[in-house]
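Please have the model open as you read.

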Amino acid sequence: KITVKELADYIGLNSKYLSTIYHEVTGVSLKQNILNFKMFKASSMLRTTSLSITEIANSVGYDNIYQFSNFFKKTYGKSPTLHKKKLTEN
């Protein structure tokens with residue numbers, strides 16, 4: 001689990017200031033980039049491990065499998081179950 005606040009605290013900046021600077025430099029919000037990284041990591045784990053979807057969700061910081069599945073579907077256009085199933089069929 002990683003949050004903007006935790007990241008800001010770690011580097012010694014106010015979270016709002018860090019988010020503003022990050023967005024100005026990258027054009028993407030820091031919060032969105034953290035979410036994108038988590039979903040990328042989850043997708044990679046679905047492809048390369050035999051872990052369950054619940055285990056993968058937990059490993060990328062989600063205690064709630066439904067919340068994880070919702071974010072995954074918004075990112076990739078399909079549920080993690082369908083994503084994993086499609087990969088195993090190939």
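Which residues in α3 meet which residues in α5? From α3 come L35, M39, F40, A42, S43 and L46, and from α5 come F68, F71, F72, T75 and Y76, where contact means heavy atoms within 4.5 Å. These contact residues divide into nine nonpolar, two polar and no charged (Ala, Val, Leu, Ile, Met, Phe, Trp, Tyr, Cys and Pro count as nonpolar, Asp, Glu, Lys and Arg as charged, the others, Gly among them, as polar).

This is a predicted model, with pLDDT of at least 70 needed for local features and 80 or more for side-chain atom pairs, while totals for chains, interfaces and linings use all residues. Residues are numbered from 1 along each chain, and side-chain values use heavy atoms, without hydrogens and water.

Helix α3 (residues 30-48) and helix α5 (residues 65-76) pack at about 95°, with axes 10 Å apart; α3 and α5 are therefore roughly perpendicular (65 to 115 degrees).

Now to the rings. Y62, F68, F71, F72 and Y76 form one aromatic cluster; rings of Phe, Tyr and Trp (its six-membered ring) pair if their centres lie within 6.5 Å, and planes under 30 degrees apart count as stacked, over 60 as edge-to-face and the rest as tilted.

| Pair | Centre to centre | Between planes |
|---|---|---|
| Y62 and F71, tilted | 5.9 Å | 45° |
| F72 and Y76, tilted | 4.8 Å | 40° |

Y62 is buried at 8% relative accessibility, whereas F71 is partly exposed at 24% (buried means under 20% relative accessible area, exposed over 50%, partly exposed in between, with a 1.4 Å probe and protein chains only). F72 is buried at 0%, and Y76 is partly exposed at 30%.

Methods: Axes are lines fitted to C-alpha atoms, for helices over the stretch in contact, and angles run from 0 to 180 degrees between N-to-C directions. Helices (H or I, at least four residues) and strands (E, at least two) are DSSP runs, numbered from the N terminus. Angles under 35 degrees count as roughly parallel, over 145 as roughly antiparallel, 65 to 115 as roughly perpendicular and the rest as oblique.
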